[in-house]
Amino acid sequence: MKPDMAMMGRLDRLLREAAAAEILPRFRKLHAGQVRAKSGPHDLVTEADEAAERFIAARLAGVLPGTVLVGEEGVAADPRLLDQLASAEAALLLDPIDGTANFAADLPLFGVMAALVLRGETVAAWILDPLQGETAMALRGEGAWIEDGAGGRQALRVPAPATTDTALMSAIISARYMPPAMALHVRARLHRIGPTWELRCAAFDYLLAARGVVGALVYWRLHPWDHAPGALLYAEAGGHCARFDGAPY
């Protein structure tokens, strides 16, 4: 499989169809029985997450033949599915609703994230904002861009920072999942930078970083469906992504 622009468009259409059929009709219409906790009270799944993942799974073979779906909800049901990222010739990582807690709270801050992984390497990424009807996309070695529903396209490029003074830069820092000692270490140094945000939505975090609205993103929990799409998008837009030890994500 060689990723190209036609393939990018086909997968984008599938994500948009899933959002139109399964996500948007349920937004602000969920009742208590359609939301439940998974690993803990702040790790939620809704009927919309599961329905969207099923929708995409049922149609993926017609869009990307021979591709294994590794979705967040599928892995929650069977963690062994995650092993296929390393072994499959082609796998599609999927977060059917990134920002589920926001979605369940009726907040319009959620997205659909996907990444194509070929033999362990992330080669393409999609981040759909269903409410705005825009998809940010990236193709390894080909750059990043945003498309609207009518096919209009705009290049996505991280602008040069207006200043190198970190006290004037904003950042998104997620310290909730850090070990206590590290979380204390990070929080004790927040005064060295400008405003910090936490949107509870990696899809929007990466979009803001790629547009230069925030100067840095810091995470500890690195689920691949949350970060493989955004890391490629940000890198192809000209940003720098690395683990704390400098190794690539």
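I started at the hairpin of β6 and β7, which has four residues between the strands, and there Gly133 takes a positive phi near 70°. Strands here are DSSP runs of E with at least two residues, numbered from the N terminus, while helices are runs of H or I with at least four. This is a predicted model, where local features need pLDDT of at least 70, side-chain atom pairs count only at pLDDT 80 or more, and totals for chains, interfaces and linings use all residues. Residues are numbered from 1 along each chain as its sequence is written, and side-chain values use heavy atoms, with hydrogens and water left out.

Next, the pairing of β6 with β7 (residues 134–139): antiparallel, I noted, over six bridges. Two strands count as paired if DSSP finds at least two bridges between them. Trp126 sits opposite Met137 in β7.

Then I checked the other partner. β5 (residues 111–118) pairs with β6 in the antiparallel sense over seven bridges, and Leu116 has Ala124 in β6 as its bridge partner. Their hairpin has two residues between the strands, and Arg119 takes a positive phi near 50°.

Is β6 mostly covered or mostly open? Mostly covered: eight of its nine residues (121–129) are buried, meaning under 20% relative accessible area, with exposed over 50% and partly exposed in between (1.4 Å probe, protein chains only).

Last entry: an open, parallel sheet of three strands, ordered β11-β10-β12. β11 (196–197) and β12 (216–218) are at the edges with a single partner strand each, so one side of each has no neighbour in the sheet. I found three bridges between β10 (residues 171–173) and β12, with Ile172 partnered by Leu217.
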